[in-house]
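Please read them with the structure open beside you.

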Amino acid sequence: MAAGEQWRELTSLLRSWNFRQLYATRLVSAGADGIFQAALASYVLFNPQKATTPGETAAAFAALLLPYSLVGPFVGVFLDRWSRQRVLVVSNLVKVALVLVVAAFVAASSEGVAFFGFAIAALGVNRLFLSALSAGLPRIVTDDELVTANSLSTTSGSIATIAGAGIGVGLRYLLGSSSGPVAGIVVISAVVYATSAGVAARMPRLLLGPDAEERATATATSAVRAIAGVAGDLRRAAVHIARRRRAADALFAISSHRFLYGVATLTIVLLFRNYFSDDVDSGLLGLGAVVAASGVGIVVAAVVTPSVADSLGKRAWIGWLLLAAGAAIAAFGLPFRRPLLVVGAFVLGVSAQGVKICVDTTIQEEVADVFRGRVFAVYDMLFNVTYVAAAAVTANALPSSGKSPAVMTLLAAGYVVAAAAFTALSVRHGTPDADVVRGAKPSSSPVHRP
């Protein structure tokens, strides 16, 4: 895709009122995610009053991400039955209530089971919100525009989360690290979630699907029976994916990447928390530089992925991105120096976002709309289970400082192996997919454009 064509697609998307509303809903909520997560990180991981071990860090990761895995299987049941626009509104309002309860626990300096329970619930509801965004996007853009739309939406969402995290960290430094100011930051995130709900409420109720025929198919059994039969839904989604080898290969790629990315994340957090400096504030600032560099990489991936995926094919680009991540770990991770880790984070940001854009687009292209909610639920479950599993495995291998040449070497090798395995799968199932990127495949769902 030439730069001029990419720019025309981008401007066409942004002229669409429907796309702008969905886009704004994502950005505002993502900003709230960043503020909320920064407050939780400063309260749990970078608390000057307590040390942080690999096991505690992995447990924090699990608390933050397991909700996505626990809620994920149930999400598709409702996304294929409920108005996805109403899901965006209601899930944001539920998050507001839960986040305000978390703020009360922080203000009381409570860090017990109840605190983590409400934090888990808030993040679990966010999974429903994000899945509704992904399942609804193909309803308002054409197949020709999916790569650009995913590139813009997911990348901008990641940048908004990073920006929100920057705001949260900045407020922590401005207001202080005691429980009262941190609770105030959590309250601010609740206000931003409410704003996202207001933006989503402006969209027509049935805009994002499912339509009447799809709802009739999905509601042949009651929601209660559907929840009881989640295992059957997952099996049917798995069969649907298995019959679409490109979609199955894409899920393998994202699962491999997320496991390895989880190893890298836990290692980097411990290095900045316990190895590079004894000062907690200095460690938090260093980690902020890593996050910022990753954010720049995400922007670069958004710019280059549509063109490169068009010329090479999405699967070839995924293979190169995985290989680049392995090379970056070897070159910039093994020396265990702060400036080099920041550079490595940039490359990992490019790789992570480029892979996700291609995988999101492949799933949206290959999966029928009536299954899309359930398939994205499976996708999200894999996305987070592999990440948490990586943290659990790595916690047993890393010292408290986070410095382990053996782990870093295995991490680099893991990316190379993943790239080779995915490339082999691509060859087995047919290498060229540029026809899909260019839109030769007809749209499987209506597009609502004003």
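**Notes on the predicted model**

1. Of the 450 residues in the chain, 56% are buried, and it should be kept in mind throughout that this is a predicted model. The chain has 17 helices and zero strands. Among its contacts with a separation of 6 or more, 88% are between residues 24 or more positions apart.

2. The largest nonpolar core holds 92 residues, and the members that touch the most others within it are Phe36, Ile363 and Tyr415. Helix H11, which spans residues 245–275, supplies the largest share of this core, namely 16 residues. There is also a second, separate core of 22 residues, with Phe19, Val87, Leu133 and Ile140 among its members.

3. Tyr415 deserves a look of its own, and if residues up to four places away in sequence are set aside, its contacts are His257, Leu260, Tyr261, Leu322, Ala325, Gly326, Ile329 and Leu348. One of these partners, Tyr261, is also among the H11 residues that meet helix H12.

4. Helix H12 covers residues 280–312, and its 33 residues reach 44 Å from the first C-alpha to the last, which is close to the 48 Å expected at 1.5 Å a residue. Just after H12 comes Gly313, which takes a positive phi of about 95 degrees.

5. How do H11 and H12 cross, and which residues meet there? Their axes come within 8 Å and cross at roughly 145 degrees. On the H11 side the contact is made by Tyr261, Ile268, Val269, Phe272 and Arg273, while H12 brings Val280, Gly283, Gly286, Leu287, Val290 and Ser294. Sorted by class, this contact of H11 with H12 has seven nonpolar, three polar and one charged residues.

6. Leaving out residues up to four places away in sequence, Ser153 touches Phe19, Tyr23 and Arg26. Of these partners, Phe19 is included in the second, separate core of 22 residues.

Methods. Residues numbered from 1 in each chain as written. Predicted model: local features only at pLDDT ≥ 70, side-chain atom pairs only at ≥ 80, totals over all residues. Heavy atoms only, no water. Core = buried A, V, L, I, M, F, W, Y, C linked by side-chain atoms within 4.5 Å. Buried < 20%, exposed > 50% of the residue type's maximum accessible area, 1.4 Å probe, protein only. Helix = DSSP H or I, 4+ residues; strand = E, 2+ residues; numbered from the N terminus. Contact = heavy atoms within 4.5 Å. Expected span 1.5 Å × (residues − 1). Axes fitted to C-alpha atoms, helices over the stretch in contact; angles between N-to-C directions. Nonpolar A, V, L, I, M, F, W, Y, C, P; charged D, E, K, R; others polar.
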